[in-house]
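Please examine the structure shown below.

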Amino acid sequence: MINTKSGHSIAVEEISWNYVVKKSSLNNLELAETMNLIGGNDSNYKFYKAVYQFGDKIISNGNCYLSLTNGDSISFNDPDLPDSLRNDLSYNEIEDPLGLVLCKSSEFYLPDENKIEPKSIIHPGQFFGIPRAIDDNTSDISTSVLELNLNAGIRSLFILSGIGNNTCHKSLQEHYGTKLTAPDSSQDHWELFADITRKTAYPWCCEIIYFPRNWINKLKKNEWALLAKRLMLQHRTYYSIWHRVSDIWKKAFEEIEQEKELTKVYPMQSLIIAKQLFMLAANVIPGFQPATDDNSAPISLIKEVYSKVYNERLKQKYSINVMELAKIGTQTSNPIYFSLNQLTFKQNYLDASNKKSQITLLDEIRRATENYLKIILESKRHVKTLYDVAKTTTFSFYHTNPDSYTKILSATLLPNDDIRFTHNQYEEFPYTSGFFKGCVKISRTNT
């Protein structure tokens, strides 16, 4: 461990170049081979592995942080850091930190008043801070990773059944010593999960390798051009999917709407949401999925705490299903979910829908989506990327009480439709959750 000048222990250690290459090879062998080729064993380069507990801030309000072992954090630019460490990691208005995630997934997001706006998920093997590490002319503020916030683990995390019962929450306060009040909304669940994780010292951590400034500057030199090219290719693959298709998709949807006069049939908000379902299916924006492992958060701990302690005082016990932010996979059959009550992208158009019931809005979205699907699949003149998404995706619509809407399914079916939703004979599946009052399942079609 390295200490600050004032004597606080920092959760960071110096590592070798061979360690960096070895860890890179676990997720991207081609990139690791390129890194090994250009070298980095020069004694002038120092590399650092930082450790973050669940919920620790990594990037916040324009600053990048290291965790202290006492639970606090310290900025890369803090003068209390040892001079050599600060010189290696410091950044300014035209330079970003360059980090490689080793383990656990986390979420980039933007605070939006009392809510957060999820932006993307970063997984093991991915870098952040690439554009400014490679291009001297990348001074546009929108290219800076520091414009987003990043905490260790997934930030958009909540329990379906709700955890706002004050009596049950008191049990948590007694058992774990948390002083946080019962959450008012699902947006507040994460803070409580992070606090309980710290109180229990649960062994969940995210690890990130940081590269020193003198190594980063070499990426701008001709001799390391191949590595810079591979890094930028990775950046574009992970973060720029939508940029490649946005214009042609927009044009294709506009042609469909004009040809079939869909704007005269459906309200604009229904058409917008229907089009965003295609974006979810194309892996452009994230939805939600039932969490089944500890990759994104200490899910095992959360389930145990709320099953054994929180549920203890409830007469009607609900199964503990934790939902996490996720994108749909290209190889997996696991679906993701969209909810009118748990939006993962910023929008203002839903205000106009407040005067109608959510199931009415959901049915409008269903019919609009089916119209788009039919026309895209029948017409060969539309773009291939959109056609491929339409051909390989199934949209299923759920509500807690479908009533007479025969093409909307009951949320009670979900534990059978998706085995990741857990329940047993002693606990009721929380099908009345607000998440299911206007829910869409996006799944890959077996072709």
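A crossing is called left-handed if the near helix is turned anticlockwise from the far one by less than a right angle, and right-handed if clockwise. The model is predicted: local features need pLDDT of at least 70, side-chain atom pairs count only at pLDDT 80 or more, and totals for chains, interfaces and linings use all residues. Residues are numbered from 1 along each chain as its sequence is written, and side-chain values use heavy atoms, with hydrogens and water left out.

The crossing of H1 and H2 is left-handed. The axes of H1 (residues 17–25) and H2 (residues 29–38) come within 7 Å and cross at roughly 160°; the two helices are therefore roughly antiparallel, a term for angles over 145 degrees. Their contact (heavy atoms within 4.5 Å) involves Trp17, Val20, Val21, Ser24 and Ser25 of H1 and Leu29, Ala32, Met35, Asn36 and Ile38 of H2.

A nonpolar core is a set of buried Ala, Val, Leu, Ile, Met, Phe, Trp, Tyr and Cys residues joined through side-chain atoms within 4.5 Å, where buried means under 20% relative accessible area, exposed over 50% and partly exposed in between (1.4 Å probe, protein chains only). The largest such core has 52 residues, and Phe128 is among those with the most contacts inside it. Apart from this core lies another, of 40 residues, including Leu277 and Val389.

Most residues other than glycine have a negative phi. Asn61, however, has a positive phi of about 50°; this residue lies in the loop between strands E5 and E6 and is exposed, at 63% relative accessible area.

Notes:
Axes fitted to C-alpha atoms, helices over the stretch in contact; angles between N-to-C directions. Helix = DSSP H or I, 4+ residues; strand = E, 2+ residues; numbered from the N terminus. Parallel < 35°, antiparallel > 145°, perpendicular 65-115°, else oblique.
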